[in-house]
Each structure stands twice: as C-alpha cells, then as structure tokens.
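Me: I'm new to this one and would like to go through it slowly. Could you show it first?

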Amino acid sequence: MFESLSERLGSVFEKLRGKGALEEKDVDAALREVRIALLEADVALPVAKDFIARVKERAVGTEVLRSVTPGQQVVKIVHDALVEMLGGDVDAALNFATTPPAAIMMVGLQGSGKTTSTAKIALRLQKREKKKVLMASLDTRRPAAQEQLKILGEQVDVKTLPIIAGQAPRDIARRAIEAGRLGGYDVVMLDTAGRLSIDEQLMAEVADIARETNPIETLLVVDSLTGQDAVQTAQKFKERTPVTGVVMTRIDGDARGGAALSMRAVTGAPIKFIGVGEKLDALDTFEPERMAGRILGMGDIVSLVEKASEEIDVAKAKKAAKKMAKGEFDMDDLADQFRQMRKMGGLGAIMGLMPGMGKMKKMVDQAGGLDDREIVRQEAIISSMTKKERKSPKVLNASRKKRIAAGSGTSVQEINKLVKAHRQMADMMKKMGRGGMKGLASQLAGMGGGMPGGMGAPAGAAELMKPSKGAKSQDTEEIDFDAVEKALSGQAPMPPGMGGLPGLGKKK
C-alpha cells in the first residue's frame, strides 16, 4: 500500500544522507518533496501541513545541523513524527475491563468487510488470547448476512448465535448477551447491519443496540481503498456514536495509504486492527512505530519475529539447529525450511519485513519478483526422492535423477541445482557450527550461485561477516544485532567491527 510513498521518501533521504552538513535550505527542499509525497499518497491537507510544520521545527535545530550524521537525524525526526501522526504511544489494545461477557460492537458501511473482520477478530481473540468468543449477526437487512457469519464461524471454529428468523436486531443483541452470560463466554461479537451511506435510520439502530448491550468496544470498519472517504465516514460515525477504535480492511491493496495516515489525526480514534489479506488469519494489530518503519523502508523485524514464533515449531527448529551445527543437514531438513518459508508468506513477505531490504526487494520485483512457486517445485523434487536419497543425496546418480525428474515434473538440471544448493548450505552450516562468523564468512565468499530458485549469495554477504581493519573477529553471541538493524535502516552508523559491508558505516 505504501510502496510509492516509501519510494519517494527513500529518494529524499538518500540525498540528505549524501551531505556532510545540512543547511536550512537543504531541509526546506527535502520537506517540500516530503509534502508533495504525502499529498500524492492522499493524506488529508491539514494533516500533511501539520506534519511538515512539526518536522521542520525539529529538523532546523542546531542538534541536527551540527550532528555528525545530519541525514540520519532527519530520518529519525520524520520517523518519530510519523509515529505521532499514526497514533503514537496510545494503547490500541482491546479493552476487556468489564464483567464478562465483554460486548464488542462492529459498525460501518455496507461492503467495508465488517462481517469478515468480525470473524477475523474472533479467531484472533480465541487463538492468541485464549478468550471464549460468541459471534452474533444483527444484520437482518442484507440477504444471507446471518448465514455468512455462521459459515465463517464454522471455518474458524468460533461459536455463533443460532439464527431465529424474524427477530429484530435489538432482540438478537439481547439474546446474544444472555447466551454469552449463560454459556460462560468472555466476549460477544455483535455484527451490526450496514448501509450504502450514513443515514438517520442506521444511526438510530446502532444507538439502540448500544443502549441495549452497553458495549465495552465499538469498532468502526472502513475500507482503505476508498481513500479519504474512509476518513470522512469515520468522522461522521465518531460524531454520532462513541467509536473506540477503527479496523481498516484491504490494507494490502493498491490504495495510496493516505486514509491510514490521516485517520488518527482527523478522527481522534485509534486504528486497532488492519486487514492484510483475504484469509481469515490475515489480521494484524496496528502498531504506529512498526508502520512508520515500513513506510520509511526500515522493515518490521518485530512482525517478522512474531510471524516466525506463530508458524515455526520451536522443538523442530532446535532439533534442526543441532543437526545443522554437526553438518547433518539433509534434504528432509531443507524441505522443512521451504515449508516454514511458505507458512510465513513466502520470500517476498519475509524480505519486505527485513530492515534494509527494501531496495533489494524492489530490484528483485523489477526482475520478475520472487516466485514462490519455485519453492513448491523444489519441495516436489524432494518429495520424489526415496528416503535413502533424502538422507544421503550423494547416492543420486544419473538414472536416479531421471526418475526424480519424471516424478516431480522437472528437469535433471533443476535437480542438479537443488543438490548443489543443498551441499553449499550444509557446508555453510557446518562451518558456522565450527568457526562461528569467521567460518561462515569464508564459506559465503566461495558461494557463486546455487541457492534454490537460482538465487546466489547476496553481494557483500561475506564482507558483512568480516571484521573491520584492526577489529577482532566476532562470534554471533558478541554481535549487537539491534545496532546492526539500526545501521541497516539508516538510523545509526555501523557498530565497531561490523563496518565491512560496502556503503555502510562509512561517511560519504
């Protein structure tokens, strides 16, 4: 969603980083481009003006102009201002401080994704927060709306209130709260009806249900693809009903992102959740700091770790790590790595969350993108091998490779490439187990291009592992990865001993 904005801001900051010292005219020229970038991203004009004024006030101070790294200082100031604009330190977690069941009322216009978002939040509460959730559809106007929620409930294994034809929304709401109380539920999700536009009838119905159920949270669902219309809708709802938070759907679409950037500033209501895909688990909490990091190309390492912790089997990962250290990395282990990658959204999704990988991801996308079907092909090759072949790829001769190629629908050349990549990875893991970063560096230096899918080791990878001149060799335990992450995202210089990567940790 924020791709074009990230690109524009990236080019502005690249110019600033190239200067040894900054003058006020440099800051003015940069902020003029930032303002244009924000307006092009469909950010509301008053919000863009306020943002630029706030950044300029901090950026022309002596602290920046006399700073050792003025360009990086400006990036940090813009990052902090973005965090404030997106919601700052406001706690956007759902409130459950009430006698169970806690009622959560979902409101919004028709077609904004309200019913799907209800199921997504219910699944999240049940899976992550171990809450017992009951969903109830109060939408008696849209055909099959109640049946839709019932089907979604079955898909995510969340209970739904039985449908009684002819009941009024207020009566359904009363019955849902009573069923929640009697059934020992922690949360009751109330999916209200929507309209094509805000009208008196819609508002009266929402107010009526609110009086009956006294919801602890009223979440407004808006479609981010409608741009500033989403902000205006939120503003109108906020004027008429006590909205406690916003859920933005289709944030993964090609909208310009201005609605998300303007929502908090214009409405005062925090964004609590964002829909990042069509699947029912594709829902994230909205974290201003992480979103600002993504917009500025700093990545989102916390989301990556969270995603990994959800999808990766810890016991299996520990077992694999021990095998790797001993050099016992077989084809079954490689297939496991592929499966974990796909679970986390594929190579593209992982790269998008890694600090400093924004440019590399863009270059890869321009070259045709990371095709995750390639991973599936590699898995098919491994699945076509016998147990003995997977344990010991050395036994693969010409006739065996022909058989595997026929079984997996691939070619002998692709099998050779995979075997070579596996051998290099096994050697690399073994060297890392023996000699730490030094052993890994020498291995990376010799890697030409044999990663699955034709990907070679990234240029400069070996250099990253080498210590700077005069610095001692570092083991992984001694490296300050937080400092490295900040350096990669442009917020600080490279830490001592890690300045070997071309273009990092050096003044221009």
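**Helix α10 and beyond**

Me: What am I looking at, and how are residues numbered?
Reply: This is a predicted model, in which local features need pLDDT of at least 70 and side-chain atom pairs count only at pLDDT 80 or more, while totals for chains, interfaces and linings use all residues. Residues are numbered from 1 along each chain as its sequence is written, and side-chain values use heavy atoms, leaving out hydrogens and water.

Me: Which residues of α10 are buried?
Reply: They are Gln228, Ala230, Val231, Thr233, Ala234 and Phe237, where buried means under 20% relative accessible area, exposed over 50% and partly exposed in between, with a 1.4 Å probe and protein chains only. These buried residues pack against β1 (102-108), α9 (200-213), β5 (217-223) and α11 (258-267), with contact meaning heavy atoms within 4.5 Å.

Me: How many residues has the largest nonpolar core?
Reply: That core has 71 residues, and those with the most contacts inside it are Phe13, Leu38, Phe51, Met248, Leu261 and Met263; a nonpolar core is a set of buried Ala, Val, Leu, Ile, Met, Phe, Trp, Tyr and Cys residues joined through side-chain atoms within 4.5 Å. Its largest share, nine residues, comes from helix α5 (residues 70-86). A second, separate core of 22 residues includes Met135, Val158, Val187 and Leu283.

Me: Switching to charges, how many salt bridges are there?
Reply: A search of the whole structure finds 21, each being a side-chain nitrogen of Lys or Arg within 4 Å of a carboxyl oxygen of Asp or Glu. One of them joins aspartate 50 to arginine 54, with the closest N and O atoms 2.4 Å apart.

Me: Where do aspartate 50 and arginine 54 sit?
Reply: Both are in helix α3 (residues 45-59), and because they are four residues apart, about one helical turn separates them. Aspartate 50 is partly exposed, at 41% relative accessible area.

Me: Which residues does the salt-bridge network link?
Reply: The network links Arg170, Asp171, Arg174, Asp208, Arg211 and Glu212. Within it, arginine 211 pairs with aspartate 208, their closest N and O atoms lying 3.4 Å apart.

Methods:
Helix = DSSP H or I, 4+ residues; strand = E, 2+ residues; numbered from the N terminus.
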